[in-house]
Amino acid sequence: MWSASLPKWRCMLIWVAVLVVILPAQGQHSGVSKAGQAVGSGNRLHRQHASHSRKNVSLPLSSHECVVDDGKSEHRVCIFKNIVLWEGQLLYVAKDEVVLPDIDINWLEPTRLNIQVVQQDHLLQAWSSAQVENVPLALLGHQVNFGNYYHVFIETLPTWHNVICKYLDLCNYDEGSLVQLWLLEERGEHLTALTSHLPALNTLYSCLSPTPPRHIKEHMNYGKVVLFEKAIAGMGPDVRAFHQWRPRFFDHFVASSAASMHSWRHRLAQCLAVPFDSAVASQKPVRVTIVNRSYKAGRHLLNAGEVQARILGKWADSVVQVVDLQGLDLRRQIALLQQTSILIWTHGAAMADLLFLPQGAGAIELIPWPHAEQAHEWAQSIAADFDLHVQVAWTRLTDVSHLHYHTEVLFKDPTWQALTDEERLLFLEKGICPGKSNTPLHMLCRNHWMHYLVSYVQPWEPLEKLLDAAHSFVQNQSFPAMSDVAK
């Protein structure tokens, strides 16, 4: 009808204008809200509609509430809604200027939650066509010493349990839980196969979340928008951790309550379907388990067989076994420890398994470092913080002649080769590390050479005294039968 009264060129311009207005409007109603493929536990994938205008990028505004805020960043715990992960960076979408509270996520040394504010009117154009993954509930956490079984199992996971139990009321194991663990610690090149080198941790992570943990900087998270519908971050004032040489912990935190740690052990028992939290140590026979590390792993007990024979000679009716936990999955480790009356192990990650010892058991830690002048209180802290009814003792080597250095490896180390003859002799003959305390050279010696390039012989006399005390402790305990405890 327009063509009869208007020139053709004007008609064409009008039709182009109509199409420009109508087509984007139709696109805005064409499937943007449809749920896509499920990812993780309850995650939804969908795509934003491609748009030529920044203002058409549609994401909800972020918000937050701090459920713990005493003015200290290390204690602050906040719950966020609708924050975004884009290209490895957490973003808070705001309409106006927002100043976010500082939140520490690392109990060992100050590390702040890195989340940046972005204005809703200035959202990135790339988001307009990006895939969006919706995460219903996340815990944003930092793992101290993420490659160490002990630190993750005995410090990080109980602390995370404490957070979601106290502030989200999620205290029990739930195989259908929506909680996802999103990791924040700097990992360098260790971003793939987050737990493949520590298989037992895969099982333990699953007790908090049915989906494997994810790191914000993993490659799979790039090129798409991850929308956290709800996320909690922060540690709170009570943390299940311990470091006897780091004053920050004692200056800023208190241990998590015994009730919280009982709750964590109960969650594990539910998750693993093993009632280890109600088991009682065997008195007849007394079962002694000697956990030995492989020679290659370092801190190998060279005379483990001799120690085993001496214990059998001392208590003929006892059961004594030497085991390497490295090849056992978590459930087999728990089954072994459930049958243990007295546990003997070399200082290391195996002390985490104190958590699985039955009530009334004895535990003896062997410290193979003559230079360790301070008492090693790591194991005692586990027994105290988790309210374990277990007697813990330790003994330390005092004679360097009982050490065996793995010279076939050590002597090939370029750092070792660069030492002076005097420095080498002091180390080999007296166990004295080169360099001043806390220098890189000194720490390499203490944390690598003395941990992984040394084995040792345990003298019998000091160990026998601790065995007698542990045996007496086991025999003098009285607990209800397991059937009564279950009631």
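**Ground rules**

I number residues from 1 along each chain as its sequence is written, and I leave hydrogens and water out, taking heavy atoms for side-chain values. Since the model is predicted, I ask for pLDDT of at least 70 for local features and 80 or more for side-chain atom pairs, while totals for chains, interfaces and linings use all residues.

**Entry 1: confidence**

I started with pLDDT, the predictor's confidence in each residue, from 0 to 100. The protein averages 84, and 83% of the residues score at least 70. Where does the score stay under 50? I found residues 1–38, with 21 contacts beyond four places in sequence, and residues 49–56, with 15 such contacts. A contact here means heavy atoms within 4.5 Å.

**Entry 2: the parallel sheet**

Next I looked up strands and helices, which are DSSP runs numbered from the N terminus (helices H or I, at least four residues; strands E, at least two). Two strands count as paired if DSSP finds at least two bridges between them. In general, such pairing goes through backbone hydrogen bonds, either parallel or antiparallel.

I traced an open sheet of five strands with parallel pairing, in the order β16-β14-β17-β18-β19. From one strand to the next the twist averages 15°.

I then followed β18 (residues 361–367), which pairs with β19 in the parallel sense over seven bridges.

- Helix α6 (residues 304–314) touches β14 (287–291), β16 and β17 (342–346), and its direction makes about 170° with that of β16.
- Helix α8 (residues 378–385) touches β17, β18 and β19, and its direction makes about 170° with that of β19.

For these angles, axes are lines fitted to C-alpha atoms, for helices over the stretch in contact, and values run from 0 to 180 degrees between N-to-C directions.

**Entry 3: the mixed sheet**

I also found an open sheet of six strands with mixed pairing, ordered β3-β4-β13-β9-β10-β11. Its edges are β3 (63–68) and β11 (214–215), each with a single partner strand, so one side of each lacks a neighbour in the sheet. Inside the order, β9 (residues 137–141) and β13 (residues 231–234) pair in the parallel sense over three bridges. There, L140 has A233 of β13 as its bridge partner.

**Entry 4: nonpolar cores**

I took a nonpolar core as a set of buried Ala, Val, Leu, Ile, Met, Phe, Trp, Tyr and Cys residues joined through side-chain atoms within 4.5 Å. Buried means under 20% relative accessible area, exposed over 50%, and partly exposed in between (1.4 Å probe, protein chains only).

The largest core has 62 residues, of which Y149, F153, L272, L354 and F356 touch the most other members. Helix α2 (residues 149–168) gives the most to this core, with 11 residues. I looked at F356 in detail: leaving out residues up to four places away in sequence, F356 touches Y149, F153, L272, F276, L330, I334, L337 and Q338. A second, separate core has 37 residues, among them A304, V320, L403 and L466.

**Entry 5: disulfides**

How many disulfides does the structure hold? I count four, taking a disulfide as a pair of cysteine sulfur atoms within 2.5 Å. With the bonded cysteines numbered in sequence order, the pairing is 1-2, 3-4, 5-6, 7-8.

- C66 and C78 have sulfur atoms 2.0 Å apart, and the link is right-handed, with 80° about the S-S bond. C66 lies in β3 and C78 in β4 (residues 77–81), so the pair ties together parts 12 residues apart in sequence. C66 is partly exposed at 24% relative accessible area, whereas C78 is buried at 0%.
- C165 and C171 are joined at 2.0 Å, S to S, in a right-handed link with 90° about the S-S bond. Both cysteines are buried.
- C433 and C445 also have sulfur atoms 2.0 Å apart, but their link is left-handed, with -70° about the S-S bond. C433 sits in the loop between α11 (421–430) and α12 (440–452), and C445 in helix α12, 12 residues apart. C433 and C445 are both buried.
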